[in-house]
Amino acid sequence: MPAASAEEFRFVSPGCAARGLCCPGRDRACLGAGRRPDGSAGPCYCDQACARSLDCCHDYGQACPVVPCVVSQWSAWSGCAEPCKTTCQVRTRHIVQEPRNGGAACPALEQRAGCVEYWTRRGAECQHSLIPALITAGGFGKARQRRAAADGSERAGYCVQFQLVALAPGCGHRQPRHGRWTRELGEGRTVCVECQQPALQPALQPAQQPALQPALQPLRQRCRRDGSGSRQNQLLHWQAMGNHRCRGTWRRIRQLGTCSCPSVHSFLFI
């Protein structure tokens with residue numbers, strides 16, 4: 001029998017559509033016949049890999065269109081996994097359409113992000129160790145002292161030594177001049193943080209301290225989040241003013257009457 005012409009071969013042995021072929025990956029059994037995209041006749045394929053090997057059947061693109069993965073919108077973020085702890089929150093999405101014929105694969109269906117809830121499920125405020133202390137450069141302390149002396153509100157403050165445990169990369173980023181002091185922060189360093197007016201706050205509510213003698217009142221003035229009452233080696237959180245990307249954790253070492261750290265490692269409670 002004489003050999004069939006290319007046109008006759010295409011008609012007798014149709015391509016992917018007539019045979020209902022669309023195969024994932026590389027599949028030599030996913031074989032069609034007829035005209036190839038370059039016009040030649042002979043065996044051709046209807047598998048996903050044929051586009052790379054250039055041996056697809058002429059109608060592969062129409063019979064097996066690329067279908068990318070389609071996913072839904074993200075759900076709302078969940079609440080924190082546990083209150084009063086640095087944990088995580090989760091959001092999810094689902095697959096609306098699976099990819100086919102070499103379409104883009106599906107992206108991640110779950111995202112997690114760190115979070116802290118500062119209130120218990122019953123509405124009580126969490127322990128203060130989770131709420132960051134706000135600090136700024138120690139140089140601002142001189143201006144504070146001058147203002148306090150001028151208005152007669154100057155009161156004895158105190159100093160707290162901390163060891164820096166961890167800090168965010170943002171502490172070393174370029175900042176405007178008023179935020180450059182954060183570059184002096186470094187993991188493992190001992191820093192001094194001074195508590196002065198007007199950051200001094202009553203440690204007890206007025207209703208709780210009517211019997212305190214006036215002479216003892218200054219002793220009850222504290223800066224918020226100074227770590228008093230924390231357990232030994234407990235991690236406490238801090239946040240730099242002037243550089244919102246600079247934050248981290250530290251451990252309280254001790255309280256002093258006056259700061260003894262070098263000026264570059266001395267800071268102020270806000």
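View 1. Cys57 counts as buried at 1% relative accessibility, where buried means under 20% relative accessible area, exposed over 50% and partly exposed in between (1.4 Å probe, protein chains only). Cys44, at 0%, is also buried. A disulfide, that is, a pair of cysteine sulfur atoms within 2.5 Å, joins Cys44 to Cys57 with an S to S distance of 2.0 Å. Cys44 lies in strand E2 (residues 41-45) and Cys57 in the loop between helix H3 (50-53) and H4, so the link ties together parts 13 residues apart in sequence. Helices (H or I, at least four residues) and strands (E, at least two) are DSSP runs, numbered from the N terminus. The model is predicted: local features need pLDDT of at least 70, side-chain atom pairs count only at pLDDT 80 or more, and totals for chains, interfaces and linings use all residues. Residues are numbered from 1 along each chain as its sequence is written, and side-chain values use heavy atoms, without hydrogens and water.

**View 2. Disulfide of Cys22 and Cys64.** The sulfur atoms of Cys22 and Cys64 are 1.9 Å apart, and the link is left-handed, with -100° about the S-S bond. Cys22 sits in the loop between helix H2 (16-19) and strand E1 (31-35), and Cys64 in the loop between helix H4 (60-63) and strand E3 (70-71), 42 residues apart. Cys22 is partly exposed at 36%, whereas Cys64 is buried at 2%.

**View 3. Disulfide of Cys195 and Cys223.** Cys195 and Cys223 form a disulfide. The torsion about their S-S bond is about 95°, so the disulfide is right-handed. Cys195 belongs to strand E9 (residues 190-195) and Cys223 to strand E11 (residues 221-223).
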